[in-house]
Amino acid sequence: LEDLQDAFDFCFKVHYLPGEDRTSDPQYAQQVQALQAKLQILDRQRREVLAQMQQLLGRSETLRDFLQQELGAWRERQQRACLGAPTDTRLHLLETWFTELGQGLFQLLQLLRALGDLRQKVTYERDPLKAETPLLERRLRELLSYLLQSAFVVEQQPSMPNAYKRPLVLRTATKFSARARLLVRLHDRNHRMEAKIHIDRLGPAGVHPPARPRGFRKFNILTSSSKTLLAGDSPQDGLVCDFQYLTLKEQKDSRSGKGSKGTGEVSAGLGAMGAWRRLVPHGAHSAISVQGPLVVTEELHLITFTLAYAYCGLELELETSTLPFVIISNNNQLSSAWASILWFNMLSSDPKQQFFSAPPLAPWPRLAEVLSWQFESVAERGLSKDHLLMLAEKLFGKA
């Protein structure tokens, strides 16, 4: 296309002399006809290029939708893995697919810019580049923004060392770690991409999150809350922001000198089921629910990662959040806090911080599956039907 345009441009400057009356010159008339033919060919080639780009964008959107489904499935597997389910949460394949699509889209963006340069050199009436290029670029930037935003994920949920395979329960003044990853392995090494970490962050443009129960505690993250996104020497290392040795400190309430501790601790009972205070009689639709005032071990907090991303002239702020987690102050609260984590992840994927204000019912088959995962995660063996029947009888009585 560029060669064709250069040839037309050369002939136009050599043969076409506007302002001169050469209508009686047959040779000039032939030259004008030849120029018109070249312009028609150039116009047709430009339209074909734009049509091919439209087609590629359509295929890219189809692939993006497929990747969203795969990413959603991975998130579900990660959520189950936090409960002890034996499932694969590796990101290598997703990272490869996201990177390949990202490369293709950035190549299209460069081609669009090259087409813009061609239009600056040669344009004409009804030039398709003038009308369609801005629309294509807007569509492409939206597609890239959506892809990059969804490609920023939490690879490792917040967890303390030696947490007995119980992530998402953090203790104040105790170190914990969390890690986010950008699945599109494309970055500008000359641009410093800074990642930041926030707890219970305000929404976009200062919009407050859903109303929190009265007495909901506020925390600060101590140690470094920002760092540069690191890229390893090999492509397999990926783009990772790894936050380690973080600690949480509760904000002091100026009125009482200390943050509210809620209405009291949850009574313990049946191991990890200390927070589940009402049992429905066993039956075909048996379920367990949690009712009562919100307590410390039912507060659900979120950590948000933000990343200042830049590549090929595209600058974005990417954001991703962890699964909800519980913050405790002593080990006596661990079982109750873990019960809250089990309950939320068993029944919800929406990180609503007021989940326990009106918790849904849990069907026994779902709870039985989660309890089996718990045993398998620590004993390398799940619960048999007889084991689960015994637990059901203890909870609901014999049928």
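**Salt bridges, patches and a helix in a predicted model**

Visitor: What is the relative accessible area of Asp 88?

Guide: Asp 88 has a relative accessible area of 37%, so this residue is partly exposed. Please keep in mind that the model is predicted.

Visitor: Which residue forms a salt bridge with Asp 88?

Guide: Arg 90 does, and the closest N and O atoms of the two residues are 2.9 Å apart.

Visitor: And is Arg 90 buried or exposed?

Guide: Arg 90 is exposed, because its relative accessible area is 66% and the cut-off for that word is over 50%.

Visitor: Why would two such side chains pair at all?

Guide: Side chains of opposite charge can pair when their charged atoms come close.

Visitor: How many salt bridges are there in total?

Guide: The count comes to 15 salt bridges.

Visitor: What about Arg 179, which residue does it bridge to?

Guide: Arg 179 forms a salt bridge with Asp 242, with 3.7 Å between the closest N and O atoms. This pair links distant parts of the chain: Arg 179 belongs to strand β3 (residues 176-182) and Asp 242 to strand β8 (residues 239-250), 63 residues apart. Arg 179 is partly exposed at 21% relative accessibility, and Asp 242 is also partly exposed, at 22%.

Visitor: Which residues are linked with them in a network of salt bridges?

Guide: The network joins Arg 179 and Asp 242 with Glu 95, Glu 155, Arg 181 and Arg 185.

Visitor: Let us change topic. How many residues does α6 have, and how far does it reach?

Guide: Helix α6 has 16 residues and reaches 22 Å from its first C-alpha to its last, which is close to the 22 Å expected at 1.5 Å a residue.

Visitor: Which residues of α6 are buried?

Guide: The buried residues include Trp 364, Leu 367, Val 370, Leu 371 and Trp 373.

Visitor: Which residue forms a salt bridge with Glu 369?

Guide: Arg 366 does, with 2.8 Å between the closest N and O atoms. Both residues lie in α6, three residues apart, about one turn of the helix. An α-helix has 3.6 residues a turn, so residues three or four places apart point the same way. Glu 369 is partly exposed at 38% relative accessibility, and Arg 366 is partly exposed at 22%.

Visitor: What comes just after α6?

Guide: Glu 380 takes a positive phi of about 60° there. Glu 380 lies in the loop between α6 (364-379) and α7 (385-396), and this residue is exposed, with a relative accessible area of 74%.

Visitor: Where is Cys 312, and what is its phi?

Guide: Cys 312 lies in the loop between β11 (303-311) and β12 (314-321). The phi of Cys 312 is near 55°, a positive value in a residue other than glycine. Cys 312 counts as partly exposed, at 23% relative accessibility.

Technical notes
Residues numbered from 1 in each chain as written. Predicted model: local features only at pLDDT ≥ 70, side-chain atom pairs only at ≥ 80, totals over all residues. Heavy atoms only, no water. Helix = DSSP H or I, 4+ residues; strand = E, 2+ residues; numbered from the N terminus. Buried < 20%, exposed > 50% of the residue type's maximum accessible area, 1.4 Å probe, protein only. Expected span 1.5 Å × (residues − 1). Salt bridge = Lys/Arg side-chain N within 4 Å of Asp/Glu carboxyl O.
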